[in-house]
Every structure is written in structure tokens, then in C-alpha cells.
Amino acid sequence: MTKALLMSSSRMGNMNYLEHADEQIHRLLQHKKQNILFIPYAAVTFSFDKFEAIVQPVFRALGYELKSIHHFSDPISAVQEAQAIAIGGGNTFALLKRLYDAKIVDVISQRVKQDGVPYMGWSAGSNVATPTIRTTNDMPIVQPPSFNSLNISPFQINPHFISGKPVGHNGESREERLNEFLTINPTEELIALYEGTALFIENEQGTILGDQNALWLRGPDKIEEITTNQPFRLDMIKGA
């Protein structure tokens, strides 16, 4: 029953916030009028009110109503009654800690995986949809009680993927950091998503949406491409 849209980013190029994702969002929500529960817990340097004010007009223009969870006195009940769930980007560690603090990690997972409630996330909101947050790009500014997350996707992803190093940068490239993960965790694989692309999940099937193929990292320096708009079985990629 799982339906989820895991977007790499909130923007692509010079486009406005989520402007590139109109059709991706409609593919998930099917143009059905529904109220979306928005979870802004990844915001750190700006308020939840401001985050909602950025996201709400985007969904309203697409025909969907959206309300942030911070307006509800009981976050567990808010998740239990949600018709769809959206989690925005920001800092993944802060996001996961706040999800645990609100005691809604297992509740969200159940609603999506068992009840079929549509889920969408972008950036940090996609990171927490995987088994763990071990392949986020973010700084661990707080410590959640566990790295285990929503497990909507059965394998890890790396959003905001960019290949190589900027001129003058002597730290690790993204490929090198992901190779470290694959070396330490040889039984796992992952998908890297370029800006503007997304992983769409429908039951046991996945599809890469957007204008670029995804990278399937099968081990250190073992990289294949997954062609955009071509369905594949999720279990072909090794999970946790």
C-alpha cells in the first residue's frame, strides 16, 4: 500500500520553491482534494511558521490544502488523522530528533506503510524516509536517540548528489564519502539522486522521476545508472 515521493531537493536550478516538482506531486496525490499534514521539524535558522508560509502557497496553487503539525496540540493524533504527510528539508539530525521527541517516528511509518497514506519528503524529508540517516550530507548539530528513521524506502538514498570536487576543495568528494559508507556496510547499497530528481515508490516498485538518471552505488567504486521513468523492483537494491 506504500506510496511515497522522495525528492532530492526543494529547488532545481533557478526555479522557485518546488516549482520543478508539480507533476511529481500530482503523481503522488492524484489531483485528489486532501489535507496535507506538513512537518517542518528540519527548520533550524527560521521558524516553523515561516516554513509553513513558504510551502503552503505552493500546494494551494496545486489544489491541495496544507497545515503544519506545530498548530496541533497532539502531534500523534495529527499524524493518525492525516490524509497525506509532507516533510520538508533542512537539517536531518534536528528533524529526526524532533520526530523522536514528538513520538511520531513509528506512527508515521505505520500510517504510510500499513494504511497507505501518501508520503512526500524533500532533502532531509527524504533522508528520514530511508532505514537510517547514515547517508545524509548534514552536520550532526544535535544527537537523536537513534539513527533509525521511517524505513519507507527499504534502502539508503543520498539526495543533493553532486559529482567531483569544487576547484580548491581538498576534502572528500561525495563519491568518496559514499564509498566510506559502502566499505563499512558491505551488505548495503544506495541510490544517489541529482538535484530536481526523485524516487517514486508504489508498493514494491520504484521509479526515478526527473531529467537525470539516478546512480546505483553497489559497492566502493561500483556505480550503475537507473534510467529515469523506467520502473524497477525495490528489492533489487540491497537494504539494511
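Let me start with one side chain: Arg177 is partly exposed, having a relative accessible area of 46%, where partly exposed covers the range between buried, under 20% relative accessible area, and exposed, over 50%, with a 1.4 Å probe and protein chains only. Its salt-bridge partner is Glu172, and the closest N and O atoms of the two are 3.4 Å apart; a salt bridge here is a side-chain nitrogen of Lys or Arg within 4 Å of a carboxyl oxygen of Asp or Glu. Glu172, at 35% relative accessibility, also counts as partly exposed.

Before I go on, please keep in mind that this is a predicted model, in which local features need pLDDT of at least 70 and side-chain atom pairs count only at pLDDT 80 or more, while totals for chains, interfaces and linings use all residues. Residues are numbered from 1 along each chain as its sequence is written, and side-chain values use heavy atoms, with hydrogens and water left out.

Now to the sheets. Helices (H or I, at least four residues) and strands (E, at least two) are DSSP runs numbered from the N terminus, and two strands pair if DSSP finds at least two bridges between them. In an open sheet with mixed pairing, eight strands follow the order E3-E2-E4-E5-E1-E8-E9-E12. Strand E3 (65-68) and strand E12 (232-233) stand at its edges with a single partner strand each, so one side of each has no neighbour in the sheet. Within this sheet, strand E1 (residues 3-7) and strand E8 (residues 198-202) pair in the antiparallel sense over five bridges, and the bridge partner of Ala4 in E8 is Ile201.

Which elements does helix H1 touch as it packs on this sheet? They are E1, strand E2 (35-39), strand E4 (84-87), strand E5 (119-122), E8 and strand E9 (205-209), and the direction of H1 makes about 165° with that of E1. Contact means heavy atoms within 4.5 Å, and the axes are lines fitted to C-alpha atoms, for helices over the stretch in contact, with angles running from 0 to 180 degrees between N-to-C directions. Helix H2 (residues 48-62) packs on the sheet as well, touching E2, E3 and E5, with its direction at about 165° to that of E3.

Looking at H1 itself, residues 22-29, its buried residues are Gln24, Ile25, His26, Leu28 and Leu29, and just after the helix Gln30 takes a positive phi of about 60°. In helix H5 (residues 105-113), the buried residues include Val105, Val107, Ile108 and Val112, and also Ser109 and Arg111. The cover over the buried residues of H5 includes E1, E2, helix H3 (75-81), E4, helix H4 (92-101) and E5.

The other sheet I want to describe is also open, with four strands in the order E6-E7-E10-E11 and mixed pairing. Its edges are strand E6 (156-161) and strand E11 (222-226), each with a single partner strand, so one side of each is left without a neighbour in the sheet. Neighbouring strands are turned by 25° against each other on average, direction ignored. E6 and strand E7 (residues 190-194) pair in the parallel sense over four bridges, with Phe161 opposite Tyr194 in E7. Helix H7 (residues 174-184) packs on this sheet, where it touches E6, E7 and strand E10 (214-219), and its direction makes about 170° with that of E6.

On the other pairing, E10 and E11 run antiparallel and are joined by five bridges, among which Trp216 has Glu224 in E11 as its bridge partner. The hairpin of these strands has two residues between them, and there Asp221 takes a positive phi near 65°.

Glu188 counts as buried at 8% relative accessibility, whereas Arg134 is partly exposed at 29%.
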